[in-house]
Every structure is written in structure tokens, then in C-alpha cells.
Amino acid sequence: MNGVAIVITNFITQKRIMSVDDATKTKLEEGFKKLQGAGDCKSLLKKYLTQPVFDDLKTKKTAMGATLQDIIQSGVANLDSGVGVYAPDAESYTLFAGLFNPIIEDYHGGFKSTDKHPAKDFGDVSALGDLDPEGAFVISTRVRCGRSLQGYPFNPCLTEAQYKEMEEKVSSTLSGLTGELKGTYYPLTGMSKEVQQKLIDDHFLFKEGDRFLQEANACRYWPAGRGIYHNDAKTFLVWCNEEDHLRIISMQMGGNLKEVFARLTNAVNEIEKRLPFSHDDRLGFLTFCPTNLGTTIRASVHIKLPKLAQNRDKLEEIASKFNLQVRGTSGEHTESVGGVYDISNKRRMGLTEYQAVKEMNDGILEMIKMEKAA
């Protein structure tokens with residue numbers, strides 16, 4: 001690069017960095033002050049948005065227009081957030097690395113800024129089996145992953161036209177699936193409230209964003225561009241434009257993890273042949289929330305562990321030893337219903353898809369042993 005090109009590049013970069021408007025600057029300052037004054041806030045946002053980091057990032061802006069305000073607004077509004085940040089576009093992970101990198105390292109079990117996520121590897125699915133052949137503990141098993149379409153920003157920067165454009169690409173792609181994956185796409189636009197609620201109650205359909213997503217500007221133009229695809233058996237689902245562009249889900253009753261993971265692997269490979277996904281050599285597959293980078297794999301079971309669950313703190317302590325996460329029956333920010341918990345792998349980065357699922361597999365088998373022995 002010659003000297004003139006360097007000067008021009010530096011000028012363009014500086015212009016972009018300094019283009020945050022006064023209203024956004026004011027919001028940022030107020031939000032930062034609110035975070036610092038919230039003594040009971042335990043989010044990773046508060047932990048890592050120090051004064052030096054804030055001063056370094058507050059005037060930066062991505063090519064698609066994302067600012068630090070877009071990243072932190074949900075965590076500032078919801079001081080009970082566990083993480084508190086979202087990425088408005090792919091570039092945010094590099095431009096705002098001063099905040100994202102330590103959060104990623106903390107959440108993903110020590111994935112450092114110098115580490116590189118391994119290549120995609122679904123491994124030998126046949127090595128897995130049924131977690132609970134007797135059906136005494138595991139009610140259902142689910143494995144899902146998130147994907148973003150290459151060339152599109154994430155929720156806060158998406159236009160209504162882009163939502164609709166992506167939905168058209170996704171629905172036409174899914175209509176070409178065959179065999180066990182063959183099914184139907186249902187757009188939310190025009191869907192009756194009764195059908196919508198039935199799908200939500202069956203854990204098939206997402207609800208309009210919770211307060212964390214609402215504050216992150218992830219629910220604009222609702223329900224435009226949103227929808228659900230499921231196969232005839234309702235064991236394979238794809239959510240379009242909920243939190244991520246795509247949530248690809250395999251699920252069924254009981255504990256047969258082998259069948260569930262094999263179906264997901266087949267589906268992801270088939271969809272990837274038709275749609276290019278947003279991927280980073282260091283971070284793996286890129287998504288809206290930094291907790292879902294890398295493999296983006298979340299393998300989970302709904303499980304009854306009545307003895308271990310008598311003490312929720314103790315249950316979470318046991319789960320953490322196996323890199324597992326405990327949630328309520330309906331997922332994050334919910335309570336257990338009837339003593340049923342949602343337990344899943346926590347780490348998504350620095351390991352392969354197969355290894356992420358295997359962590360859940362091994363941890364659940366150990367927890368069932370402990371439950372039997374208690």
C-alpha cells in the first residue's frame with residue numbers, strides 16, 4: 001500500500017470512528033454511569049466495561065452503523081443480565097474486541113484472544129447412544145445450532161426489506177429438503193394467534209422477544225420476515241429470524257441423543273449446501289449473542305432429578321463441574337415446572353461440535369448416576 005492510500009484509509013477509518021452522534025454519546029455516558037452505580041449487577045458487561053475500555057470504544061462505529069450503544073443497551077436496561085451484550089453485525093466482534101474478547105474468554109471457559117476455534121467437525125455420531133434407556137429421568141432431548149446468512153447484519157441493523165428477503169431465501173431453501181427433513185414453512189405474518197400459541201406451548205415456536213432481546217432492538221418490524229419450518233414428525237425445526245437468522249433444531253421425546261444429533265448433522269450439512277453462512281476463522285460461526293459463537297451448539301435435555309434438585313445451588317454447582325448449565329423448564333430466565341430442569345452444555349468455543357455434544361452426554365450420564373446413588 002502506498003503512502004497516499006494509507007492516508008486515505010486512515011482518514012476513512014478516523015471519520016467512521018468519530019461519527020457517533022451526540023445523542024448516542026449522551027446515552028452511552030448515562031448507561032456507563034448507571035452500570036458503574038449498580039452494585040448488585042453481576043453481568044459480564046459490567047465486569048469488563050472498565051473506564052479505559054469504555055473510553056476507547058465509545059466513539060467507534062462499524063461500516064453498517066453499529067455503535068457501542070447497540071452492543072450494551074440490553075445489559076444497561078436489564079441489570080440482571082448474565083452477559084449483557086449483543087453484536088449488531090459481524091464487524092463488531094473485531095472493532096469492539098476490547099469488550100467482546102474478555103467476555104468471550106470468561107464465558108467460553110478460557111477461549112483467549114490468541115486462540116483459534118477449530119474447524120467444523122460433527123465427529124462419529126454413532127459413538128453416542130441413549131442417555132436414559134429406561135426412560136426414568138430424561139423427558140426429551142434437543143440439539144440446536146445458530147447460523148447467520150453471509151452478507152447480512154444482525155438484528156439491530158436489519159431493515160424490514162432484509163428480514164423479508166432472508167425469509168424468502170430460507171423458506172425456498174427449506175422447501176427443497178427431502179426424506180425425514182421434508183416439511184412445511186409457516187410465516188408468522190398471517191398466522192392465527194391460536195396456531196401461534198399452540199406451537200409455543202409445544203416448544204416449537206419462539207415467542208416475540210423477551211425483554212433482553214427487546215432492549216437489544218432484536219424485535220423490530222415484528223412479525224415481518226419471521227417464521228417456523230418443521231418436518232411432519234415435528235422432530236426437526238428451523239426458526240427464521242428470531243434471535244439469529246437461523247436456529248436449526250433437532251428434538252424428540254426420550255434420551256436418544258444419537259438419533260437427535262444425527263438428524264441435526266444431516267440438516268445443517270444439507271442447508272449449508274444451499275445457503276452460505278457467516279463464519280470467522282478465529283471465532284467460528286458468527287451469531288448475534290457472543291454466548292453462541294464457535295460451534296453455536298446447544299445440546300440439552302429436559303430431565304427430572306428430584307433428589308439433586310432439592311437444592312438448586314447444589315445442582316448448579318454439580319453441573320458446572322461438567323461445563324453444564326441449568327435452566328428452568330422453558331429455558332433461560334424461567335423457573336422449573338414440576339421439578340423438570342433444562343440442562344445443557346455451556347461451552348461452544350474452542351472445541352468441535354462433537355466435543356460440545358459429548359460434554360453434555362458425559363455430564364448427564366454422571367448426574368443420573370449421582371441421582372440414583374443419592
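Visitor: Where does the charged end of Arg147 sit?
Guide: Over the ring of Phe285, 3.6 Å from its centre. "Over a ring" means NZ of Lys or CZ of Arg is within 6 Å of the ring centre and within 35 degrees of the ring normal.

Visitor: And which ring does Lys346 lie over?
Guide: Lys346 lies over the face of Tyr107, at 5.1 Å from the ring centre.

Visitor: What am I looking at, and how are residues numbered?
Guide: This is a predicted model: local features need pLDDT of at least 70, side-chain atom pairs count only at pLDDT 80 or more, and totals for chains, interfaces and linings use all residues. Residues are numbered from 1 along each chain as its sequence is written, and side-chain values use heavy atoms, with hydrogens and water left out.

Visitor: OK, ring pairs. How many aromatic pairs are there?
Guide: Six. Rings of Phe, Tyr and Trp (its six-membered ring) pair if their centres lie within 6.5 Å; planes under 30 degrees apart are stacked, over 60 edge-to-face, the rest tilted. Take Phe122 and Phe261: the centres are 5.9 Å apart and the planes are at 55°, so this pair is tilted.

Visitor: Which parts does that pair tie together?
Guide: Phe122 lies in the loop between α7 (97-107) and β1 (138-147), and Phe261 in helix α11 (residues 257-272), so the pair ties together parts 139 residues apart in sequence. Helices (H or I, at least four residues) and strands (E, at least two) are DSSP runs, numbered from the N terminus.

Visitor: Is Phe261 buried or exposed?
Guide: Buried, with a relative accessible area of 0%. Phe122 is buried too, at 8%. Buried means under 20% relative accessible area, exposed over 50%, partly exposed in between (1.4 Å probe, protein chains only).

Visitor: Switching to the sheet. What's the strand order?
Guide: Eight strands form an open sheet: β2-β3-β4-β5-β1-β8-β10-β9, with antiparallel pairing. Two strands pair if DSSP finds at least two bridges between them.

Visitor: Which strands stand at the edges?
Guide: β2 (183-187) and β9 (324-327). Each has a single partner strand, so one side of each is left without a neighbour in the sheet.

Visitor: How many bridges join β8 and β10?
Guide: Five, between β8 (residues 298-304) and β10 (residues 340-345). In β10, Ile343 is the bridge partner of Val301.
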